[in-house]
Amino acid sequence: MSTDRAAKSLLVPQDYTPYAADLSRQASLFLRRLRRQSRSSGIPIAQLMLLSNIERLAGAASPSELAALEGVRPQNLSATLAELEKQALIVRQSAAGDKRKVVVSLTQLGVDALAANRVERESWLARSMTQHLNAAEIELLRRAGILLERLAQSDAEEGS
């Protein structure tokens, strides 16, 4: 544990477990709602997440890199990759420097499908925010998003 984290834990003796439980439940509800928005594209959420991870890895990644991001074994990813390839959303090619290795890339159709899904989800969210929240709540939500992103990144940095 870093010195800064240790100092912070001494300054905040309160047990935040109930808050964490509430936040986890709320985040799950929100993610389920976003997933429902993704259904109209016809691409299952697991495939959309995999397409997004390929995009995050600069548009080309090895199955091993993708499996690590997805938290699965490369063998478990092969069926999903095969389905995406069958739909012409990705292409698998030999790596430039090592013909034994495979690199997975998005096709233009994959890029377009991912972008269309993202626009659909973001449009729904923007409409929902303006319909159900006032300006102060929208600003509070924006600020909370920054904190959630920081928490998510801290877990990645700690290797958990």
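Biologist: Which residues lie nearest the centre of the largest pocket?

Modeller: This is a predicted model, where local features need pLDDT of at least 70, side-chain atom pairs count only at pLDDT 80 or more, and totals for chains, interfaces and linings use all residues. Residues are numbered from 1 along each chain as its sequence is written, and side-chain values use heavy atoms, leaving out hydrogens and water. A pocket here is an open set of points on a 1 Å grid where a 1.4 Å probe fits, with protein on both sides within 12 Å along at least five of seven lines, and lining residues have an atom within 4 Å of a point. Of the 34 lining residues, the ones nearest the centre are Phe30, Leu31, Leu34, Leu148 and Ala152.

Biologist: Which helix gives the largest share of that lining?

Modeller: Helices are DSSP runs (H or I, at least four residues), numbered from the N terminus. Helix 2 (17-38), helix 3 (45-56), helix 6 and helix 7 (135-158) each supply at least two lining residues. The largest share, 12 residues, comes from helix 7.

Biologist: Which side chain does Glu55 meet in a salt bridge?

Modeller: We call it a salt bridge when a side-chain nitrogen of Lys or Arg is within 4 Å of a carboxyl oxygen of Asp or Glu. Glu55 has such a contact at 2.9 Å, N to O, and its partner is Arg118. That pair links distant parts of the chain, 63 residues apart: Glu55 sits in helix 3, and in helix 6 there's Arg118.

Biologist: Where is confidence lowest?

Modeller: pLDDT is the predictor's confidence in each residue, from 0 to 100, and the chain's mean is 86. Helix 6 (residues 108-132) is highest at 94, while the lowest mean, 55, belongs to helix 1 (residues 3-11).
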